[in-house]
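Below is a colleague's note on a chain and its model.

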Amino acid sequence: MLAFSSLLPLFSFSIDTERWFGWLGPTGAVLTAILLVVFCVIAWGLNLITLPGNWISVAAMALYAWLGPSEGRLAIGTATLSAAFLFALIGEIVEFAAGALGAQKAGASRRSTILAVVGSMAGALIGAFVGIPIPIVGPILAAILFGGVGATAGAIYGEWTDGRSWQESWSVGHAAFWGRTFGTLGKFMAGLAVVLAALIGVLF
């Protein structure tokens, strides 16, 4: 019968997380840290189409902190991870508050609210492609603007098909536009803070 001590090497890979980066060497570790930041930047952009980009970034940072180096310049500590989590949470609160003060405050139905979300996602995707000719800034601004327009269209359609007048529907759509726009801007800025936390975490 094998002694328990003889089985320990079999589990060393899952216990010693430093080995995940140890075999990469210094250059590989730096490249992995760069990939983390790049991934966080990509996830940050997902906020424009109402996907949880900030939380995806936080999850990636948590995985890196768990499997990556526990000390040194490339390490991400508890303080950095906690700050990123706090920024992501603030982004969610801002987005929720903006939405609550938007279409819902204007008396939008649940159906209209759902259609506003669907419309904002579709509008943001279209806007991102429309803004591609203008480097960097174009897709971002167009995604935010078209996302607001999509939310407006969805809310208006939802209210109109529920039997409300065009004037009432437009009022709800107008509120949906600003709720979506301010909510996205707030969440997007919070996402920038998450990306900066990841960048600072691996640089200092």
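**Notes on the helix packing and selected residues**

1. The crossing of H4 and H8 is left-handed, the term for a near helix turned anticlockwise from the far one by less than a right angle, with right-handed used if the turn is clockwise. The axes of helix H4 (residues 53-67) and H8 cross at roughly 15 degrees and come within 9 Å. Axes here are lines fitted to C-alpha atoms, for helices over the stretch in contact, and the angles run from 0 to 180 degrees between N-to-C directions. H4 is therefore roughly parallel to H8; the classes are roughly parallel under 35 degrees, roughly antiparallel over 145, roughly perpendicular from 65 to 115, and oblique for the rest.

2. On the H4 side, the contact is made by Asn 54, Ser 57, Val 58, Met 61 and Tyr 64. H8 contributes Lys 187, Ala 190, Gly 191, Val 194, Ala 197, Ala 198 and Val 202. Contact means heavy atoms within 4.5 Å. By class, the residues of the contact of H4 with H8 are eight nonpolar, three polar and one charged. Ala, Val, Leu, Ile, Met, Phe, Trp, Tyr, Cys and Pro count as nonpolar, Asp, Glu, Lys and Arg as charged, and the others, Gly among them, as polar.

3. On sources: this is a predicted model, in which local features need pLDDT of at least 70 and side-chain atom pairs count only at pLDDT 80 or more, while totals for chains, interfaces and linings use all residues. Residues are numbered from 1 along each chain as its sequence is written, and side-chain values use heavy atoms, with hydrogens and water left out.

4. The chain has eight helices and zero strands, and its pattern along the sequence reads α-α-α-α-α-α-α-α. Helices (H or I, at least four residues) and strands (E, at least two) are DSSP runs, numbered from the N terminus. Of the 204 residues of the chain, 38% count as buried, where buried means under 20% relative accessible area, exposed over 50% and partly exposed in between (1.4 Å probe, protein chains only). Among contacts between residues at least 6 apart in sequence, 71% join residues at least 24 apart.

5. H6 passes H7 in a right-handed crossing. The contact of H6 with H7 has 13 nonpolar, ten polar and two charged residues.

6. Leu 115 lies in helix H6 (residues 110-130). Is Leu 115 buried or partly exposed? Leu 115 has a relative accessible area of 25%, so the residue counts as partly exposed. Not counting residues up to four places away in sequence, Leu 115 touches Gly 154, Tyr 157 and Gly 158. The C-alpha atoms of Leu 115 and Ala 155 are separated by 6.0 Å, with the two residues 40 apart along the chain.

7. The count of aromatic pairs comes to five. Rings of Phe, Tyr and Trp (its six-membered ring) pair if their centres lie within 6.5 Å; planes under 30 degrees apart count as stacked, over 60 as edge-to-face and the rest as tilted. One of the pairs is Trp 44 with Phe 188, which is stacked, at 4.5 Å centre to centre and 15 degrees between the planes. Trp 44 lies in helix H3 (residues 25-45) and Phe 188 in helix H8 (residues 166-203), so this pair ties together parts that are 144 residues apart in sequence. Trp 44 is buried at 16% relative accessibility, and Phe 188 is buried at 8%.

8. The rings of Phe 177 and Trp 178 have centres 5.0 Å apart and planes at 85 degrees, so the pair is edge-to-face. Phe 177 is buried at 18% relative accessibility, whereas Trp 178 is partly exposed at 40%. Phe 177, Trp 178 and Phe 182 form one aromatic cluster.

9. Two further residues of H8 can be noted. Thr 181 is in helix H8 and is buried at 10% relative accessibility. Leaving aside residues up to four places away in sequence, Thr 181 touches Ile 144 and Gly 148. Gly 179 is also found in helix H8 and is buried, with a relative accessible area of 8%. The C-alpha atoms of Gly 179 and Ala 151, 28 residues apart along the chain, are 9.0 Å from each other.
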